[in-house]
Amino acid sequence: MRHALLGLALLALLGTVRATSHREAPAITRLPKLDSTDFYLFRSYEPGREGFVTIVANYQPLQEPGGGPNYFFLDPDGLYEIHVDNDGDAEEDLTFQFRFTNAFKGLSVPVDGQDVEIALLQAGTVGAGDTGALNVTETYTLTLVRGDRRTGQASPLAPVGGGPFTKPADHFGRKTFADYDAYARPFIHEFELPGCAQRGRVFVGQRKDPFVIALGDAFDLLNVNPLGPEAGNRDTFARYNVTALCLELPIECLVAGDPVVGAWTTASTRQVRVLSPKPDKSGEGPSVEGGAWTQVSRLSGPLFNELLVGVRDKDRFGASEPKDDAQWERYADRPSFPAIIELVFGVRAPTLFPRADLRQGFLTGVPGLNMPASVKPAEMLRLNTSIAPTPPGMHGRLGVLDNDLAGFPNGRRPGDDIVDIVLRVAMGALLPADVAPDGQLAYTDGAFADETVVDAAFPYLKTPLP
């Protein structure tokens, strides 16, 4: 009987390989530009910015450095959004909407007496403020919607100093960009928030992916040593970039009485797409879009959809809204993942059900830490903005498990070692020994993460790999 159960468990885990981390649902693999990979929410810890909250939504997974000649534009037909719930009712109160435009310049070179358009995105070296050799201009609009994301009050935002919001080109390489940091830094834009005395900041661009995991090993039936050294395995994402949407917002303009806010990101596309048999030169793609916006990607808490939601429900989760999350509560109450770890490795999974600890970590917030005064259970990151940020150099890599209350699950910082945290909590690190006899073991995937994987200033994510 035990072997039969083991076989069923392994088959269940094999089923999830269709939807690995950073591609967490089957359908989104067909829409990689709209695939949200990670979401971060934390008190800014850059010196002098402690009165702000930073939100980072990463998109387009697994960007290999050799991604030319087109690299990784964001989808001009997509709608990228960051939502904030500041009253605990599982509905968005503030939504920041991003729409992108890619304009190709048609740079040319003389060939046999004729000007011929080049096939690359650059015609020479590019320096800070000197983008004449770039063959594309990437811009975006940023809109704040108060209330319902589709019917609420919309306020277009604009950079201080005028002009559109601009996005830096991806890091083609060191010959094109002798100093990519100097080139990209001016793309951090300040903007005015309606009714707010302080300005916000925004950066959108390619960054080094801060997520750390032994990815292929973890989804190959946990082909790791879960009780081995915390730095004994390779970090798959050490060689990958990602596209980051980064916001820094004043706390006073984010909260509404309760200091706890919740947040998540979504991406949507139009219901109808008609391919054009003769694409033009606009750079906007060979299709015409129409119909209502349709959500195809949703992300907040790390690894919830990847490790807890059943594979047949993953696409439905990606299209859902937090207000309807009662349908997913069973996956937190009776998680399958700890049972699989028990069957594969012989350790003992927790025996207490429903799992109140996972419900608090993913659905309500933790009482006394980051649970709103009035809360409707819903999957999202929640941050208690009244808890001071931990200064740089002092972060606990396991967040609250390391007695660092400014880390996960009180929001999430890019340097929090999420895989190790989730493994330990799933196996009962927060439960009494009588219901989680192996809950205090130091479970790990062996890919070590701490705050050194990111910078100590906005936008926090490191320079992308060339």
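Student: Is Cys 253 buried, partly exposed or exposed?

Tutor: Buried means under 20% relative accessible area, exposed over 50%, and partly exposed in between, with a 1.4 Å probe and protein chains only. Cys 253 has 24% relative accessibility, so Cys 253 counts as partly exposed. This is a predicted model, in which local features need pLDDT of at least 70, side-chain atom pairs count only at pLDDT 80 or more, and totals for chains, interfaces and linings use all residues. Residues are numbered from 1 along each chain as its sequence is written, and side-chain values use heavy atoms, with hydrogens and water left out.

Student: Which cysteine does a disulfide join to Cys 253?

Tutor: A disulfide is a covalent bond between the sulfur atoms of two cysteines; here the criterion is a pair of cysteine sulfur atoms within 2.5 Å. The search of the whole structure finds 1 disulfide. Its partners are Cys 196 and Cys 253, with an S to S distance of 1.8 Å. Cys 196 lies in the loop between E10 and strand E11 (200-208), and Cys 253 in the loop between E12 and strand E13 (260-275), so the pair ties together parts that are 57 residues apart in sequence. The link is right-handed, with 90° about the S-S bond. Cys 196 itself counts as buried, at 11% relative accessibility.

Student: In what order do the strands of the open sheet lie?

Tutor: Strands of a sheet pair through backbone hydrogen bonds, either parallel or antiparallel. Helices (H or I, at least four residues) and strands (E, at least two) are DSSP runs, numbered from the N terminus, and two strands pair if DSSP finds at least two bridges between them. In this model 5 strands form an open sheet, ordered E1-E2-E12-E11-E10, with antiparallel pairing. Strand E1 (36-43) and strand E10 (189-191) stand at the edges with a single partner strand each, so one side of each has no neighbour in the sheet. Strand E2 (residues 52-63) pairs with strand E12 (residues 241-250) over 9 bridges. Ala 57 has Leu 245 in E12 as its bridge partner.

Student: Which residues have the most contacts inside the largest nonpolar core?

Tutor: A nonpolar core is a set of buried Ala, Val, Leu, Ile, Met, Phe, Trp, Tyr and Cys residues joined through side-chain atoms within 4.5 Å. The largest has 99 residues, and Phe 96 and Phe 98 have the most contacts inside it. H9 gives the most to this core, with 7 residues. Contact means heavy atoms within 4.5 Å. Beyond residues up to four places away in sequence, Phe 96 touches several others, including Tyr 80, Leu 142, Leu 193 and Leu 247.

Student: What is the mean pLDDT of the protein?

Tutor: The pLDDT is the predictor's confidence in each residue, from 0 to 100. Its mean over the protein is 91, and 93% of the residues reach 70 or more. Over residues 1-21, however, the pLDDT is below 50, and this stretch has 31 contacts in the model beyond near neighbours in sequence. Where pLDDT is low, the predicted coordinates should not be read in detail.
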